[in-house]
Amino acid sequence: MQFFAFPIRLSPIFFCLFLTLLTGSFVQAQSDSLSYGTIPQEEIATGNDPKFTLFDDAFYQNQLFLLGESHGVQKPQEVDFDLLKHLNRKLGIRYYIAEVDATKAHYLNDYLKTGDDATLKKVFRSWVQQTAQWANKDFFRKIQKIRALNQTLPAQRQIQFVGIDRIQDNALVAEHLTELIRGKKLPKAAQSLADSLVQKLTKKDADSLAANLALTWLDDWKKNEKAYQKTFGPQAPTLHHLLTNVGYLQTIKSREVTIFTNFKTLLPTLNNEKLYGFWGFFHVLQSPLTNRTKSFACMLKESDLYLHDKIVSITFSYLDSYSMVPTAFLPPFWQDKGKPYTRLDKFNNDSELMQSEGTGAMRAATRPNTLTLFAVDRPGSFARTTPIRVKYAPYMPKSQQIQFDPKLPTTAYFQYVILVRNSDMTEPLVF
């Protein structure tokens, strides 16, 4: 499996990789004894309306469908759109549980209605400024394709984004807040809080100050709830949720806990409908790891929510593929000099940095330049009894390793795998 999913803001970890190359301490190849050739599989031709015939009745009985990628590879963006379209047609899924915050989801949904690219650029602005892997044209074009798809659908089946991530762009939250309170007559104390909060959200390194203001405002809201409901009407829940998430910058330190908490809060508003989400690889793992906090999907599975036992996770593996990686965080000899991103092939499943058991068998069972879906959860599959085994190079940064529990089988973490062969990187977005 491909386990690297860089966060929005990378830390300079690649000096360790530089040491790896200097010392020649590369990871040794894993055994190819796993019988991927005997597992049900299906080639997927993205862009040609794939049927996903490998999915069985048990698959469609789930409530939450999660697709987990490693950011910066191009083909998963295509699979995401095709799978979303398929599930919309097959099950009527319309809620896209997204790896964005509530404010970015608001502007994404605004774009889906208006088609105004200026609105869409607002969503991508902070990622472009941060040289994040999400700042890519493939992602941007995919949102445009979702809008085009919506134009063909009846209103009750049109896709909507639901943002549950931690706040990603304080300045955009300030803009959203300003829109929500514009024209509203607020009590003097609330107006002062609003003005101060907008100001703090536009300042660097002011998260704690903004959070304190939001929490103070929420205390006043609790005391005067009827007045706020009257003033903001249908927008009251949106404003309250926004303030709550600003408060989370101080009260919830864990991003994953924030994601889970937001999902749990918004779930009652989603009408018990089936849901779909496209996330980084780690977030969709359904069981605990031995070296990290629990993932979003793991928290869901261990919760008492009605869908806790109705989650399916699909992950990607990669061979001969390229990632779009911020150049500044790479050793000099890997860098595409003068470019904000580097086209890098070091994070495949059979690279010098890591070796996933069974990669050779997956290669033997597939063809170059293809996407192949494997149903690893089927009866008789080795994945139902065999743990995930990965070897990392000695100097691979611990923060980029994922250590699976050797007592748990592969299917405790995910039930389907899509092998990506020969994908290019995503195309950088600059504006």
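A residue is called buried when its relative accessible area is under 20%. The exercises below apply this cut-off and a few others to a predicted model.

**Exercise 1. Describe the ring pairs made by Phe55, and state whether the partners are buried or exposed.**

Step 1. A pair of aromatic rings is described by the distance of the centres and the angle of the planes. A search of the whole structure finds 25 such pairs, and one of them joins Phe55 to Tyr60, with 6.3 Å from centre to centre and 90 degrees between the planes.

Step 2. For Phe55 and Tyr416 the centres are 5.2 Å apart and the planes stand at 85 degrees; planes over 60 degrees apart count as edge-to-face, so this pair is edge-to-face.

Step 3. Phe55 belongs to the loop between S1 and helix H2 (57–60), whereas Tyr416 belongs to strand S12 (residues 416–421), so that the pair, 361 residues apart, links distant parts of the chain.

Step 4. Phe55 and Tyr416 are both buried, and Tyr60 is buried as well. Ring pairs also join Phe52, Phe55, Phe59, Tyr60, Phe65 and Tyr416 into a cluster.

**Exercise 2. Find in which order the eight strands of the open sheet are arranged, and which strands form its edges.**

Step 1. Strands of a sheet pair through backbone hydrogen bonds, either parallel or antiparallel. Here the order is S1-S10-S12-S6-S2-S5-S3-S4, and the pairing is mixed.

Step 2. Strand S1 (41–43) and strand S4 (160–163) each pair on one side only, and they are the edge strands. From one strand to the next, the twist averages 20 degrees.

Step 3. As one example of pairing, strand S2 (residues 64–69) runs parallel to strand S6 (residues 311–319), with five bridges between them; Phe65 has Val312 in S6 as its bridge partner.

**Exercise 3. Work out why Asp165 counts as buried, and which side chains make polar contacts with the side chain of Asp165.**

Step 1. Asp165 sits in the loop between S4 and helix H7 (170–181). Its relative accessible area is 2%, and because this is under 20%, Asp165 counts as buried.

Step 2. The side chain of Asp165 makes polar contacts with the side chain of Gln168 at 3.3 Å and with the side chain of Arg255 at 2.6 Å.

Step 3. Beyond its neighbours within four places in sequence, Asp165 is in contact with several residues, including Trp134, Asn245, Ile259 and Trp279.

**Exercise 4. Decide whether Leu180 is buried or exposed, and find which residues Leu180 touches.**

Step 1. Leu180 lies in helix H7, and because its relative accessibility is 9%, under the cut-off of 20%, Leu180 is buried.

Step 2. Not counting residues up to four places away in sequence, Leu180 touches Phe232, Gln235, Thr238, Leu239 and Leu242.

Step 3. Leu180 and Leu239 are 59 residues apart along the chain, yet their C-alpha atoms are separated by 6.9 Å.

Conventions:
Residues are numbered from 1 along each chain as its sequence is written. This is a predicted model: local features need pLDDT of at least 70, side-chain atom pairs count only at pLDDT 80 or more; totals for chains, interfaces and linings use all residues. Side-chain values use heavy atoms; hydrogens and water are left out. Two strands pair if DSSP finds at least two bridges between them. Helices (H or I, at least four residues) and strands (E, at least two) are DSSP runs, numbered from the N terminus. Axes are lines fitted to C-alpha atoms, for helices over the stretch in contact, and angles run from 0 to 180 degrees between N-to-C directions. Buried means under 20% relative accessible area, exposed over 50%, partly exposed in between (1.4 Å probe, protein chains only). A polar contact is a pair of N or O atoms within 3.5 Å; within protein, one must be able to donate a hydrogen and the other to accept it, and residues adjacent in sequence count only if both atoms are side-chain atoms. Contact means heavy atoms within 4.5 Å. Rings of Phe, Tyr and Trp (its six-membered ring) pair if their centres lie within 6.5 Å; planes under 30 degrees apart count as stacked, over 60 as edge-to-face and the rest as tilted.
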